[in-house]
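Take a walk through this protein chain, one part at a time.

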Amino acid sequence: MDIPLKNQKCAYEYFFQSDSVQAKETLVLVHGLGLDKSVWKELVPLLVDSYHILLYDVRGHGNSTLDVNDLTWELLCDDLIQIASELKIDDFHFVGYGLGGNLGIQFAINYPERLKTLSLLSTISFYPTSLTSKLHRHRNMMANEQSIVFMAKAMVPNIIYPHTTEKEQLLVEAYAKVTKEDYFSFGELIMQSLNVTPVEKIKCPTLVLCGELDPIYPPNAIGVIGSYIPNVRFLVVPRASNAVQLDQPQVVSNWLREFFQDSRDNNDIFNKTKDSITLELNSEFRALIDSQTEKAAVHRLGAELIHTFRVKMNGHEILHGWNRRNAKELLVYLLIHGRVNRETLYDVFWPGVHIDKARNHLRVSLNHLKSLFKDVCAEYGGSVVAVDREYIYLKVDYTCDLLEYIQEVEAAYKEPDLGRRYSLFQAILSMSPSTFLSGFYQDWVLELRGRMEDMVVDMAMSLAMNYKNNNQYEEAIKYLNIALKLHPEDEKIVEEILSLYEKTKRPLRKS
């Protein structure tokens with residue numbers, strides 16, 4: 001069924017059980033990122049005898065035609081308000097999985113009067129920013145060349161346990177309905193919202209469930225939220241991965257029923273009075289989490305080097321001063337090499353220069369590099385670059401797309417499944433620039449660029465030979481040409497291309 005929302009449609013299902021006394025209450029079940037309402041397939045039959053149940057596809061997902069322009073939590077909350085109003089649902093129990101749980105948190109804060117309870121399944125409120133950006137980039141890489149479906153098939157083993165063909169098919173079919181652009185728009189929204197502080201405002205009884213075997217968001221990551229919500233119950237679902245409602249539907253159903261009943265009997269049942277030691281322990285634990293959250297928020301440097309040169313500190317782009325006093329080159333060297341001793345920098349940046357002059361050049365360059373971050377770092381009185389007697393290094397957490405690219409290549413080569421390895425090669429090559437570190441000309445950069453180009457050529461040649469062996473000559477030629485652009489004087493590549501053009505019986509195109 002569809003509900004019209006602002007000239008567009010939201011797909012929903014509403015199971016209305018008028019004969020049950022308990023069914024005076026409604027459950028709203030909201031799916032996870034990239035999925036649709038089908039993820040509740042196993043859970044609904046276990047609850048539908050006792051409750052009205054509303055399922056719907058979040059905009060950009062499933063069969064919803066609602067667009068994802070100007071995406072905000074307020075917009076998503078407003079969608080739910082409109083659906084509930086259309087169906088004359090005043091208040092309800094909210095059950096959210098992943099993205100649905102993040103939406104539930106926002107809804108509980110913005111519309112507390114509409115929620116009886118809040119249940120969060122495999123939902124994170126805090127996650128290290130370095131890991132979220134790495135996870136985001138890894139998924140983007142998988143989806144870029146192949147499709148969302150390819151990404152989904154790679155993710156499925158971490159979402160369900162045990163693996164079954166039926167569960168995999170359900171998830172893959174759901175992912176196939178979302179576009180790459182919409183998927184990553186929602187991903188960005190979630191990443192920007194990972195902050196435990198707002199959940200303190202949740203007043204309704206809250207149930208937090210996570211899978212014992214979830215490798216994506218393990219119990220210790222999910223459990224952080226339990227220290228902040230005042231009225232919470234935290235449970236770990238045994239023998240379940242991320243999709244707990246698919247892996248252990250009976251357990252989840254039983255725990256939800258028990259939770260709803262307890263909340264009816266005593267709305268404040270989980271907010272027990274604690275002794276002074278327990279309160280102090282909770283306070284200290286939260287202070288520790290807060291300090292790490294604050295550190296992650298303000299000590300964050302992000303560098304893009306693959307397709308352009310862009311540096312951001314705490315979300316603020318540093319635009320000027322990079323072409324003076326080796327600032328750009330020095331930062332990139334520290335990003336790639338980490339902790340570096342002074343003598344190495346003397347040799348790399350000022351070879352053949354007298355040690356005293358080299359020392360002075362380094363001092364001037366470091367002071368200039370520090371000055372570029374001065375205004376952004378003033379709020380916490382720190383410095384991006386650390387200098388001690390022996391070593392120089394970046395003392396803030398940072399992400400660098402080139403480092404992540406190298407890690408993806410290394411992971412691809414370690415992939416034991418040959419078919420999957422080739423798919424990863426394809427995804428990586430689709431993201432590879434025509435020139436690595438364009439605009440850099442130092443010897444150490446040329447050496448690094450050469451190594452990167454060799455990796456690209458090796459991946460391209462592996463794919464070309466695989467396609468050739470499978471008589472897919474057009475695809476083989478495509479990847480041979482990628483290799484030839486980087487190694488234009490390699491006669492073996494030229495001969496291979498000529499040979500394949502002969503096999504395809506089509507004329508050689510002049511470049």
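**A guided tour**

Gly-96 has Leu-120 in S6 as its bridge partner. The two strands involved are strand S5 (residues 92–97) and S6, which run parallel and are joined by 6 bridges. Strands count as paired if DSSP finds at least two bridges between them. Buried means under 20% relative accessible area, exposed means over 50%, and partly exposed lies in between (1.4 Å probe, protein chains only).

The model is predicted: local features need pLDDT of at least 70, side-chain atom pairs count only at pLDDT 80 or more, and totals for chains, interfaces and linings use all residues. Residues are numbered from 1 along each chain as its sequence is written, and side-chain values use heavy atoms, with hydrogens and water left out.

Now the whole chain. It holds 20 helices and 15 strands. These are DSSP runs numbered from the N terminus: helices are H or I with at least four residues, strands are E with at least two. Of the 511 residues, 50% are buried. The chain exposes about 24,600 Å², and carbon and sulfur atoms supply 49% of that area. Accessible areas come from the Shrake-Rupley method with a 1.4 Å probe; for residues, only the protein chains shown count as cover. Among contacts with a separation of 6 or more, 71% are between residues 24 or more positions apart. A contact means heavy atoms within 4.5 Å.

Next come packed helices. Two packed helices are described by the angle between their axes and the distance between the axes. Helix H5 (residues 148–159) and helix H7 (residues 180–192) cross at roughly 55 degrees, and their axes come within 10 Å. Axes are lines fitted to C-alpha atoms, for helices over the stretch in contact, and angles run from 0 to 180 degrees between N-to-C directions. H5 is therefore oblique to H7. Angles under 35 degrees count as roughly parallel, over 145 as roughly antiparallel, 65 to 115 as roughly perpendicular, and the rest as oblique. Ile-148, Met-151 and Met-155 of H5 make the contact with Lys-180, Tyr-183 and Phe-184 of H7. These residues divide into 5 nonpolar, no polar and 1 charged. Ala, Val, Leu, Ile, Met, Phe, Trp, Tyr, Cys and Pro count as nonpolar; Asp, Glu, Lys and Arg count as charged; the others, Gly among them, count as polar.

Move on to a sheet. Four strands form an open sheet in the order S11-S10-S9-S15, with mixed pairing. Strand S11 (316–317) and strand S15 (397–400) stand at the edges with a single partner strand each, so one side of each has no neighbour in the sheet. Strand S10 (residues 310–313) and S11 run antiparallel, joined by 2 bridges. Lys-312 has Glu-317 in S11 as its bridge partner. Helix H16 (residues 401–414) lies across strand S9 (300–304) and S15, at about 65 degrees to S15.

Another open sheet has 3 strands in the order S12-S14-S13, with antiparallel pairing. Its edge strands are S12 (340–341) and S13 (385–387), each pairing on one side only. S13 and strand S14 (residues 391–394) are joined by 3 bridges. Val-385 stands opposite Leu-394 in S14. H14 packs on this sheet, touching S13 and S14.

Which helix packs with H14 at about 95 degrees? Helix H13 (residues 342–349) does, and its axis is 10 Å from that of H14 (residues 355–372). H13 and H14 are therefore roughly perpendicular to each other.
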